[in-house]
Amino acid sequence: MLRLPQVEYRRYHKTTESGANWFGFVAVTPALFFVIRRPPISRRQLHLMVPSIGGVRRKYGGSTTRHGVRKGDLVNSPKGIGYVSGDTEKQISVSDANWKRLGQIASSKVTLIRRSTGLIVAS
């Protein structure tokens with residue numbers, strides 16, 4: 001018979017004391033554990049941008065890069081598998097699951113693994 005872990009918080013009263021405590025047991029089993037969260041992608045702050053002559057602002061931020069990948073896409077790069085966190089004219093910034101930058105890598109050396117789902121999965 002399989003016993004499931006059962007833990008409950010119960011109050012107790014004795015002649016000399018009263019209080020509450022956790023009662024029961026927990027069976028620890030080997031299992032995979034994943035942390036799922038949203039990537040820290042900031043939105044455009046157009047109020048900080050000053051329009052140039054003619055009233056046109058320069059390109060700033062956004063979610064799609066000029067290299068065909070989006071921020072948050074899972075990519076394979078020479079420095080490891082990571083998420084796209086931004087770009088420059090010729091390079092793509094790749095970050096790990098903790099959003100720490102692995103490096104700025106040439107767009108020709110980066111291959112797309114999976115499109116962005118809006119979530120970061122770290123094991």
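1. Two strands pair if DSSP finds at least two bridges between them.

2. A word on the background. This is a predicted model, in which local features need pLDDT of at least 70 and side-chain atom pairs count only at pLDDT 80 or more, while totals for chains, interfaces and linings use all residues. Residues are numbered from 1 along each chain as its sequence is written, and side-chain values use heavy atoms, leaving out hydrogens and water.

3. Now the whole protein. It has nine strands and zero helices; strands (E, at least two residues) and helices (H or I, at least four) are DSSP runs, numbered from the N terminus. Of the 123 residues, 20% are buried, where buried means under 20% relative accessible area, exposed over 50%, and partly exposed in between (1.4 Å probe, protein chains only). Among contacts between residues at least 6 apart in sequence, 35% join residues at least 24 apart; contact means heavy atoms within 4.5 Å.

4. Two pairings deserve a look. Strand 4 (residues 74-77) pairs with strand 5 (residues 80-87) in the antiparallel sense over four bridges, and asparagine 76 stands opposite isoleucine 81 in strand 5. Strand 6 (residues 91-95) and strand 7 are also antiparallel, over five bridges. These two form a hairpin with five residues between them, and tryptophan 99 in the turn has a positive phi of about 65 degrees.

5. Where does aspartate 73 sit? Its place is in the loop between strand 3 (35-37) and strand 4. Aspartate 73 is buried, with a relative accessible area of 0%. A polar atom of its side chain lies 2.7 Å from the backbone nitrogen of arginine 70. The side chains of aspartate 73 and arginine 115 are joined by a polar contact of 2.8 Å. A polar contact is a pair of N or O atoms within 3.5 Å; within protein, one must be able to donate a hydrogen and the other to accept it, and residues adjacent in sequence count only if both atoms are side-chain atoms. Leaving aside neighbours within four places in sequence, aspartate 73 is in contact with residues including Tyr83, Leu112 and Ser116.

6. Next, the nonpolar cores (sets of buried Ala, Val, Leu, Ile, Met, Phe, Trp, Tyr and Cys residues joined through side-chain atoms within 4.5 Å). The largest has seven residues: Val69, Val75, Val84, Ile92, Val94, Ile105 and Val110. A second, separate core of six residues includes Leu74, Tyr83, Ala97 and Ala122. Valine 94 has glycine 103 as its bridge partner in strand 7.

7. Finally, how many aromatic pairs are there? The count comes to one. Tyrosine 9 and tryptophan 22 form this tilted pair, 5.0 Å centre to centre with 55 degrees between the planes. Rings of Phe, Tyr and Trp (its six-membered ring) pair if their centres lie within 6.5 Å; planes under 30 degrees apart count as stacked, over 60 as edge-to-face and the rest as tilted. Tyrosine 9 is in strand 1 (residues 6-13) and tryptophan 22 in strand 2 (residues 18-25), so the pair ties together parts 13 residues apart in sequence. Both tyrosine 9 and tryptophan 22 are exposed.
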